[in-house]
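This report describes one structure for a reader who has not seen it before. The sequence and the model come first, followed by notes on selected parts.

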Amino acid sequence: MSTNKTPENSSTRLDKWLWAARFYRTRAIAKQMIDGGKVFYNGQRTKSGKAVSIGDIIKIRQGFEEKAVTVIALADKRQDATFAQSLYQESKQSIDSRERNALARKQGILLSPASDTKPDKKQRRKLREFKERI
């Protein structure tokens, strides 16, 4: 049985690794996210061609979530999800932070539900006055 993990002495491009680790659906999207500043390699912005090494820390922003993962293995081919999860390990702080943010988002939505109708002129005026007092 052969795996597509690359040998210890070789390297993989950052966009290929993110694609193989299933953080992004295509390499083109991975490249856009790297170029757009959504991916930080060892705490710094980088280019998509950067060579990834084992032990490097990659921070990835996806929507509301931010993940900090450590590279455990290298791969340049995309396989199933269990293989992809074996390529990295998410830090404990990252997991805790994501859970807290998800809970805060849920509570925020429950505490301020959307109104069924738009406010009329009088209600808008009262809202504006209230916001100016704060």
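## Paired strands

Arg61 has Glu66 of strand 6 as its bridge partner. The model is a predicted one. Strand 5 and strand 6 run antiparallel and are joined by 6 bridges. Together these two strands make a hairpin with 2 residues between them. Gly63 lies in the turn and has a positive phi of about 65°.

Strand 6 also pairs with strand 7, again in the antiparallel sense, over 3 bridges.

In soluble globular proteins, nonpolar side chains tend to be buried together. The largest nonpolar core in this model has 22 residues, and the members that touch the most others are Leu14, Trp17, Leu18, Phe23, Ile58 and Leu87. At least two core residues come from each of helix 1, helix 2, strand 2 (39–41), strand 5 (57–62) and strand 6 (65–71). Helix 1 is the biggest contributor, giving 4 residues.

What does Ile58 touch, leaving aside residues up to four places away in sequence? Its contacts include Leu14, Trp17 and Leu18, as well as Val39, Phe40 and Tyr41. Lys67, Ala68, Val69 and Val71 are also among them.

## Aromatic pairs

A pair of aromatic rings is described by the distance of the centres and the angle of the planes. The whole structure holds 3 aromatic pairs. One of them is formed by Trp17 and Phe23, a tilted pair with 6.2 Å from centre to centre and 35° between the planes. Trp17 has a relative accessible area of 0%, so this residue is buried. Phe23, at 8% relative accessibility, also counts as buried because the cut-off is under 20%.

Phe23 pairs with Tyr88 too: the ring centres are 4.7 Å apart and the planes meet at 45°, so this pair is tilted. The pair links distant parts of the chain, 65 residues apart. Phe23 sits in the loop between helix 1 (14–20) and helix 2 (27–35), while Tyr88 belongs to strand 7 (residues 88–90). Tyr88 is buried, as is Phe23. Trp17, Phe23 and Tyr88 make up one aromatic cluster.

## The annotated region

An unreviewed UniProt entry places the feature "domain: RNA-binding S4" at residues 12–75. Across residues 12–75, the model is 25% helix and 34% strand. The end C-alpha atoms of this stretch are 7 Å apart.

Key. Residues numbered from 1 in each chain as written. Predicted model: local features only at pLDDT ≥ 70, side-chain atom pairs only at ≥ 80, totals over all residues. Heavy atoms only, no water. Phe/Tyr/Trp six-rings, centres within 6.5 Å; stacked < 30°, edge-to-face > 60°. Buried < 20%, exposed > 50% of the residue type's maximum accessible area, 1.4 Å probe, protein only. UniProt positions renumbered as here; feature names shortened; annotations may be inferred. Core = buried A, V, L, I, M, F, W, Y, C linked by side-chain atoms within 4.5 Å. Contact = heavy atoms within 4.5 Å. Pairing = 2+ DSSP bridges.
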